[in-house]
Amino acid sequence: WWSLWACNKAEVMKTVLYVFHCSTIGGGSYCLLNVLKNLDRSQYKPVVLLATQGSLVEEINKLGIDVHFLNDLDSVPYNLPLLKRSTIAKYRKVSGSIDGYKAKLKEIKPDLVYINSMMLYPYLKPAHELGYKTLIHIREHWSFNEHRCQLRRAQNYIRKYSTYVLAINEFASKQVPGIDGKVSIVYDWIDLSQRYKELPFSNYFSENLDGKKVLLFTGGSAPNKGAKEVARVFSEQLTDTDLRLLMLGNSVKTFELTLKNRIKMFLSDKHIMGFYAYELNNIVKKDKRIVCVPNVYEIKHLLDQCYCLVSFFTIPHANLAMAECIVNNTISLAAKTEESQEYSLDGKLAFLYKMNDEQSFVDAFYHLKAEHDIMKENLQKYSHIIREKFDKDANVKVLNGVYNKLLK
């Protein structure tokens with residue numbers, strides 16, 4: 001009987017292959033980990049396909065999940081001009097990986113191929129043509145009037161080759177017109193209960209912080225998250241002596257004085273060519289009110305203590321950190337986008353400013369200072385709406401419903 005039960009169980013167990021190109025821990029990786037952790041392993045067997053080794057692999061291994069690798073696996077460029085050398089090189093790399101990808105599919109034989117980013121859409125077609133069901137998770141914000149040829153290609157692939165589509169918010173769910181009836185919103189759920197660790201600001205600032213207001217930035221050093229802009233505006237315009245800025249995911253660097261770096265530094269100093277990390281470094285070194293530290297996953301205590309979270313996205317994107325703040329009743333300052341408007345109930349639960357406008361950022365900050373207590377009251381009254389939207393159990397239920405629809 002035991003042998004018969006095990007045989008029947010093996011027959012009904014469905015294999016889900018998760019495809020992702022990034023092996024470091026970041027936004028999409030966090031989401032993938034959350035999805036894997038909450039998969040019903042009694043019904044589904046997860047397998048992950050990545051490009052390379054990395055910190056994400058270590059976390060997946062802890063879950064006892066098999067990881068396969070395809071070195072050429074990559075994403076196509078995200079909202080960039082087509083006629084650029086780097087853009088063409090990316091498309092060529094993805095095209096060259098398709099045969100190896102097909103071989104992996106035939107080896108693993110999944111019941112469902114789960115593509116973890118819209119920019120991996122070329123991998124839908126081979127899976128579809130081999131007869132596998134496909135699911136793509138859209139987490140990008142590609143403006144409809146920018147680089148339309150590339151966007152149309154992505155939309156056409158998703159319409160034609162995806163069995164079902166997941167989106168991380170309302171805007172993402174409308175990213176591909178014509179898929180009504182086969183798209184569901186699954187928010188990157190927020191569960192701060194496992195993300196608390198005693199991290200007093202005194203660990204980072206070598207001074208007495210009584211009477212000081214600490215601003216928190218969690219965007220790392222990626223240019224699209226606006227680290228340099230935040231540091232520059234803080235240093236040059238938010239000069240109040242009671243303000244401090246803690247930047248997560250950054251560090252004060254020492255650049256090797258190679259010929260290449262010397263040239264880049266010289267051109268940057270002369271304002272001829274940008275050298276992002278070098279420029280950010282210089283701003284931070286000149287302002288002792290700014291402290292840079294590595295990223296922290298256990299962020300709740302920092303959110304509890306900070307005066308507000310600041311961000312300066314340079315392209316539209318889902319601002320999950322802002323949503324985490326709202327769920328935690330922490331005040332935040334963010335660029336006005338479809339996502340931030342949705343997450344903040346159109347500015348009721350966060351201070352919004354015009355994207356890529358540093359003066360608007362400054363004005364919004366002083367508006368924040370003037371109405372700090374009013375916003376705290378709003379958060380106390382209405383943050384439960386966003387807490388429910390990003391509730392783990394509710395979103396896992398939607399996700400499992402999609403699995404059941406596709407695999408039963």
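Me: In this predicted model, is Asp346 buried or exposed?
Reply: Asp346 sits in the loop between α13 (338-343) and β13 (351-353), and its phi is near 60°, a positive value in a residue other than glycine. Exposed means a relative accessible area over 50%. Because its relative accessible area is 56%, Asp346 counts as exposed.

Me: How are α2 and α3 oriented to each other?
Reply: The axes of helix α2 (residues 27-37) and helix α3 (residues 55-62) come within 11 Å and cross at roughly 10°. Angles under 35 degrees count as roughly parallel. The orientation of α2 and α3 to each other is therefore roughly parallel.

Me: How many nonpolar residues does the contact of α2 with α3 have?
Reply: On the α2 side the contact involves Ser29, Leu32, Leu33 and Leu36, which meet Leu56, Glu59 and Ile60 in α3. By class, one residue of this contact is polar and one is charged, while the number of nonpolar residues is five.

Me: What distance separates the end C-alpha atoms of helix α4?
Reply: Helix α4 (residues 85-108) has 24 residues, which at 1.5 Å a residue should span 34 Å. A kink of about 40° is present in α4.

Me: On which residue is the kink in α4 centred?
Reply: The buried residues of α4 include Tyr91, Val94, Ser97 and Tyr101, and the elements against which the buried residues of this helix pack include β1 (14-19), β2 (44-50) and α6 (148-161). Just after α4, Lys109 takes a positive phi of about 55°. The kink, of about 40°, is centred on a residue that is itself buried, namely Ile98.

Me: What is the relative accessibility of Leu124?
Reply: Leu124 lies in helix α5, and, leaving aside residues up to four places away in sequence, Leu124 touches Ile115, Thr134, Ile136, Tyr157, Ile158, Tyr161 and Ser162. Buried means under 20% relative accessible area. Leu124 counts as buried because its relative accessibility is 0%.

Key. Residues are numbered from 1 along each chain as its sequence is written. This is a predicted model: local features need pLDDT of at least 70, side-chain atom pairs count only at pLDDT 80 or more; totals for chains, interfaces and linings use all residues. Side-chain values use heavy atoms; hydrogens and water are left out. Axes are lines fitted to C-alpha atoms, for helices over the stretch in contact, and angles run from 0 to 180 degrees between N-to-C directions. Helices (H or I, at least four residues) and strands (E, at least two) are DSSP runs, numbered from the N terminus. Angles under 35 degrees count as roughly parallel, over 145 as roughly antiparallel, 65 to 115 as roughly perpendicular and the rest as oblique. Contact means heavy atoms within 4.5 Å. Ala, Val, Leu, Ile, Met, Phe, Trp, Tyr, Cys and Pro count as nonpolar, Asp, Glu, Lys and Arg as charged, and the others, Gly among them, as polar. The expected span of a helix is 1.5 Å times one less than its number of residues. The bend at a residue is the angle between axes fitted to the seven residues ending there and the seven starting there. Buried means under 20% relative accessible area, exposed over 50%, partly exposed in between (1.4 Å probe, protein chains only).
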